[in-house]
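Subject: Structure handover

Hello,

Here is the structure I promised to pass on. Please load it before you read further.

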Amino acid sequence: MSVIATDGPSLPHQPMAYMLEGYDCPAILVSRDYQILATNQRYRQLFGDAEAEGQHCYRVSHGYSIPCDQAGEDCPLGAAVQSGHKERVLHVHQTPRGPEHVDVELIPIPDDQGQPQFFVELMRAVPMAGARAGSGKSLVGETPVFNQMLAKVARVSASDAAVLLLGESGSGKELVASAIHQASLRKDKALVTLECAGLTDTLFESELFGHVRGAFTGASSRRTGLVELADGGTLFLDEIGDVPLSMQVKLLRLIETGTYRAVGSSQLRHSDFRLVCATHKNLKRMVESGEFRRDLYYRINVFPLRLPALRERLADLPLLAKSLLQRISPGKEIHITGSAVAELSGYAFPGNIRELRNILNRAVILSDTNVLEGQDIQQALEIDWPDSAPPPEALPSEPLKQLNSSAPSEAWEAPPDLKTAERNYLQQLMAQYQGDKERVAKVAGISLRSLYRKLNHKLVELSK
Ligand SMILES: Nc1ncnc2c1ncn2[C@@H]1O[C@H](COP(=O)(O)OP(=O)(O)OP(=O)(O)O)[C@@H](O)[C@H]1O
């Protein structure tokens with residue numbers, strides 16, 4: 001344990017500082033005015049900052065000069081002062097390894113009057129996600145909307161509740177299902193996936209429940225069902241909205257009782273699995289129109305988790321692009337310029353991250369160098385829509401409506417010129433990061449000076 005010395009003989013927080021070593025995760029003791037009073041060994045091992053003590057937590061963790069809530073982020077300390085209770089939030093912290101997601105828990109320690117006097121801040125790693133390219137993590141992102149989703153993923157993973165992942169195609173539902181499984185107590189058992197789209201009743205039943213030999217023509221041997229394989233682990237039903245009505249009742253019985261019969265068998269079997277389902281369809285509407293069983297809907301929808309579309313987290317584009325480029329060309333360093341990012345940010349991405357990956361892949365193939373410029377992206381986009389025809393399922397969000405049409409039937413507007421797309425992108429980042437220009441410049445991969453120029457801000461502001 002390490003405690004800061006203050007003037008005078010007594011250190012009122014010293015007994016609490018000793019307590020920090022009792023936690024098996026990084027822990028710090030913070031005063032009401034955000035000063036770090038003590039750190040435990042685990043914190044110093046992982047965050048390595050011997051000089052953290054005496055500094056403000058917002059500077060050490062985020063490099064901010066003002067508390068998080070004043071910088072537009074959730075501040076667990078501010079929240080705990082208000083509530084007097086434990087508060088939890090997911091933040092991206094600076095670490096010696098670069099930015100990392102941290103699940104922060106703040107425990108207020110009251111004084112004699114019951115008012116929060118000190119705070120114990122526990123910081124648990126979030127191994128399922130990365131906030132920098134090259135982190136080796138499959139789930140990448142750092143925008144508030146991504147972090148809010150991640151916080152829910154981290155929470156629900158610890159439970160055994162059925163999760164319903166809702167999101168457009170390519171937004172990462174399968175990846176999140178895998179992250180939930182990997183972070184759960186069932187991680188040492190199987191994660192078994194059934195893609196429900198396009199299955200006939202017979203196929204759905206035999207895939208899920210298995211069949212005995214001779215159950216139907218062509219069943220020459222016994223087949224183990226996915227439900228049996230998922231015993232002890234997680235069953236992931238992708239595109240649950242595509243399960244035929246006739247099969248929904250069998251699924252309901254399985255979920256309610258954990259029991260099933262293999263096709264052609266009268267023997268009742270049992271399987272203990274955690275259920276995760278996903279769909280890009282509006283199940284609620286399907287329930288109303290009678291296409292999806294209401295009772296099944298409530299069974300699978302214990303914990304709904306909405307995945308943001310890529311166009312809702314455009315500020316993640318540079319990070320995602322860098323990370324995907326590493327996956328596309330392992331071992332080869334491919335750089336992406338600000339103009340390429342600006343070009344991408346003018347696009348609506350109906351196919352989300354999967355589509356981003358395809359566009360980057362195409363751009364890499366088309367480019368003669370290892371630097372992707374705006375024109376490479378433009379070319380890659382044109383290959384996809386040579387006639388300037390709109391992607392059929394394009395559903396841009398509000399900020400992008402001016403760039404592309406939202407309804408397939410509406411006339412498609414050409415994207416704006418590159419300069420406008422670039423300015424839109426930078427303005428979106430400015431809004432996202434509450435006007436923190438240094439952060440915006442870093443995220444956009446341009447110098448602070450270029451940022452001012454591109455936003456038409458007077459350079460004189462730089463000296464402020
Ligand atoms: N946050 C993320 N960070 C990095 N890569 C991501 C992220 N989310 C998704 N991807 C990548 O995007 C692609 C599509 O993801 P995934 O298959 O999980 O989407 P999906 O929502 O399940 O799509 P569908 O509904 O079409 O099945 C994959 O290559 C995945 O690795």
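Below is what I found in it, from the overall fold down to single residues.

Overall

Please note that this is a predicted model. The protein has 464 residues, and 39% of them are buried. Its secondary structure comes to 18 helices and 19 strands. Take the contacts between residues at least 6 apart in sequence: 62% of these join residues at least 24 apart.

The core

The largest nonpolar core holds 111 residues. Within this core, Val153, Leu165 and Ala321 touch the most other members. I looked at Leu165 in detail. Neighbours within four places in sequence are left aside here. As background, nonpolar side chains in soluble globular proteins tend to be buried together.

Helix 12 and helix 13

Helix 12 spans residues 317–328, and helix 13 spans residues 338–345. Their axes come within 10 Å and cross at roughly 110°. That angle falls in the 65 to 115 degree range, so helix 12 is roughly perpendicular to helix 13. On the helix 12 side, the contact uses Leu317, Pro318 and Ala321. On the helix 13 side, it uses Val341, Leu344 and Ser345. By class, there are 5 nonpolar residues, 1 polar and no charged ones. Ala321 is also one of the core residues that touch the most other members.

Helix 7 and its surroundings

Helix 7 covers residues 201–209. Its buried residues are Phe204, Glu205, Ser206, Leu208 and Phe209. What do the buried residues of helix 7 pack against? The partners are strands 10, 11, 12 and 14, together with helix 8 and helix 9.

The axes of helix 7 and helix 9 come within 9 Å and cross at roughly 20°. Angles under 35 degrees count as roughly parallel, so helix 7 is roughly parallel to helix 9. The crossing is right-handed. Helix 7 brings Asp201, Phe204 and Glu205 to the contact. Helix 9 brings Ser246, Met247 and Lys250. These residues divide into 2 nonpolar, 1 polar and 3 charged.

Backbone points to check

Two residues other than glycine have positive phi. Phe349 has phi near 50°. Phe349 sits in the loop between helix 13 and helix 14. Is Phe349 buried or exposed? It has 27 C-beta neighbours inside 10 Å, so Phe349 counts as buried. Asn352 has a positive phi of about 55°. Asn352 belongs to helix 14, which covers residues 352–366. Asn352 has 24 other C-beta atoms within 10 Å, so it is buried too.

Two partly exposed sites

Ser265 lies in the loop between strand 14 and strand 15. It has 16 other C-beta atoms within 10 Å, so Ser265 is partly exposed. From Ser265 to Ile255 is 10 residues in sequence and 19 Å in space, C-alpha to C-alpha.

Leu448 lies in helix 18, residues 448–454. With 14 C-beta neighbours inside 10 Å, Leu448 is partly exposed. Leu448 and Ala131 are 317 residues apart in sequence. In space they are 21 Å apart, C-alpha to C-alpha.

Best wishes

Terms used. Residues are numbered from 1 along each chain as its sequence is written. This is a predicted model: local features need pLDDT of at least 70, side-chain atom pairs count only at pLDDT 80 or more; totals for chains, interfaces and linings use all residues. Axes are lines fitted to C-alpha atoms, for helices over the stretch in contact, and angles run from 0 to 180 degrees between N-to-C directions. Helices (H or I, at least four residues) and strands (E, at least two) are DSSP runs, numbered from the N terminus. Angles under 35 degrees count as roughly parallel, over 145 as roughly antiparallel, 65 to 115 as roughly perpendicular and the rest as oblique. Two residues are in contact if their C-beta atoms, placed from the backbone, lie within 7 Å. Ala, Val, Leu, Ile, Met, Phe, Trp, Tyr, Cys and Pro count as nonpolar, Asp, Glu, Lys and Arg as charged, and the others, Gly among them, as polar. A residue is buried if 20 or more other C-beta atoms lie within 10 Å of its own, exposed if 12 or fewer, and partly exposed in between; C-beta atoms are placed from the backbone. A crossing is left-handed if the near helix is turned anticlockwise from the far one by less than a right angle, and right-handed if clockwise. A nonpolar core is a set of buried Ala, Val, Leu, Ile, Met, Phe, Trp, Tyr and Cys residues joined through C-beta atoms within 7 Å.
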